[in-house]
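This report describes the packing and side-chain contacts of one protein model. The sequence and the structure are shown first.

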Amino acid sequence: NCFISFSFLLLFVLPFFSFLHEKLIKTRNVSSYIKVCYIPFVMKNVKSRTKIKKNRAKKKKIVRVLAMGTFDLVHPGHLFYLEHAKKHGTHLSVIVARDDTVKRFKKHFPLFDEKSRLKIVSALKVVDRALLGSKTYMIDRVVEVNPQVVVMGYDTLVKTHELLRKFASRGINPLIVHVPAYKPSKFKSSVLKKELRKNKKH
């Protein structure tokens, strides 16, 4: 391929420019020569360099997004939530609730332990980073991630104004976005668990 390209350059491209150069110099029309041969070459290189710089700037711009949840029995509803969250930025971090936190809020332990749930969420293609929640205050992990956008599920137990107040007290001010439900009558962990219990009895 290199040999063919080099041969093409010698046989066609160089003779053409040599002929053009000779013609323009003979007519003493230097401005035409510059316009025809030099300016397009320079402009093309300038445009290429500008495009490369813009692409590099785009690649460097990272928008951190945070999602949170229990993720017990991961189902299409969870995937809908996470995919929707990723659309709001370039890097998605997911905080997986600890077993004790689930027990405190939902009055029961999850079906899968925290390490198993973390492993499952980490394996999802849409997730860039998964981490367990804080053992003390939930806000500690949020501060660690320092997101520009926090995406909440439709069934979140914490109210938006409470979250904003807590975030502000720790010096962060992310945009809060709420994701609508995805077939909650069918794809919800509590519903799926009831179905499993029914099937187990039969």
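Which residues of helix α5 (residues 114–122) are buried? In this predicted model they are Glu114, Arg117 and Val121. Buried here means under 20% relative accessible area, exposed means over 50%, and partly exposed lies in between, with a 1.4 Å probe and protein chains only. Helices (H or I, at least four residues) and strands (E, at least two) are DSSP runs, numbered from the N terminus.

The model is predicted, so local features need pLDDT of at least 70 and side-chain atom pairs count only at pLDDT 80 or more, whereas totals for chains, interfaces and linings use all residues. Residues are numbered from 1 along each chain as its sequence is written, and side-chain values use heavy atoms, with hydrogens and water left out.

## Overall architecture

The protein contains eight helices and five strands, and along the sequence they follow the pattern α-α-β-α-β-α-α-β-α-β-α-β-α. Of the 202 residues in the protein, 28% are buried. Contact means heavy atoms within 4.5 Å. Among the contacts with a separation of 6 or more, 70% are accounted for by residues 24 or more positions apart.

## Helix α5 and its surroundings

Seen down the axis of α5, the buried residues fall within an arc of 65°, so they line one face of the helix. The arc is that of the directions from the helix axis to the C-beta atoms. An α-helix has 3.6 residues a turn, so residues three or four places apart point the same way. The face turned away from the buried side of α5 carries the exposed residues Lys115 and Lys119. The buried residues of this helix pack against β2 (91–96), α4 (99–106) and β3 (129–132).

The N-terminal end of α5 is capped by Asp113, with a side-chain oxygen 3.0 Å from the backbone nitrogen of Lys115. Asp99, in helix α4, counts as buried at 16% relative accessibility. The side chains of Asp99 and Arg117 are joined by a polar contact of 2.7 Å. A polar contact is a pair of N or O atoms within 3.5 Å; within protein, one must be able to donate a hydrogen and the other to accept it, and residues adjacent in sequence count only if both atoms are side-chain atoms. Not counting residues up to four places away in sequence, Asp99 touches Phe109, Pro110, Phe112, Asp113, Glu114 and Arg117.

The charged end of Lys103 sits over the ring of Phe109, 5.9 Å from its centre; this description requires NZ of Lys or CZ of Arg within 6 Å of the ring centre and within 35 degrees of the ring normal. In the loop between α4 and α5, Lys107 is exposed, with a relative accessible area of 63%.

## Nonpolar cores

A nonpolar core is a set of buried Ala, Val, Leu, Ile, Met, Phe, Trp, Tyr and Cys residues joined through side-chain atoms within 4.5 Å. Of the 19 residues in the largest such core, Leu82, Leu92, Val94, Val127 and Val151 touch the most other members. Two or more residues each come from β1 (64–69), α3 (76–86), β2, β3 and β4 (149–152). A second, separate core of 13 residues includes Ile95, Leu131, Phe167 and Ile176.

Leu163 lies in helix α7 (residues 160–169) and counts as buried at 1% relative accessibility. Leaving aside neighbours within four places in sequence, Leu163 is in contact with Met138, Met152, Val158 and Ile176.

A search of the whole structure finds one aromatic pair. Phe71 and Tyr81 form this pair, which is stacked, at 6.5 Å centre to centre and 20° between the planes. Rings of Phe, Tyr and Trp (its six-membered ring) pair if their centres lie within 6.5 Å; planes under 30 degrees apart count as stacked, over 60 as edge-to-face and the rest as tilted. Phe71 lies in the loop between β1 and α3 and Tyr81 in helix α3, so the pair ties together parts that are ten residues apart in sequence. Phe71 is buried at 3% relative accessibility, and Tyr81 is buried at 7%.

His75 is placed in the loop between β1 and α3, and the side chain of His75 reaches the backbone nitrogen of Gly77 at 3.0 Å.
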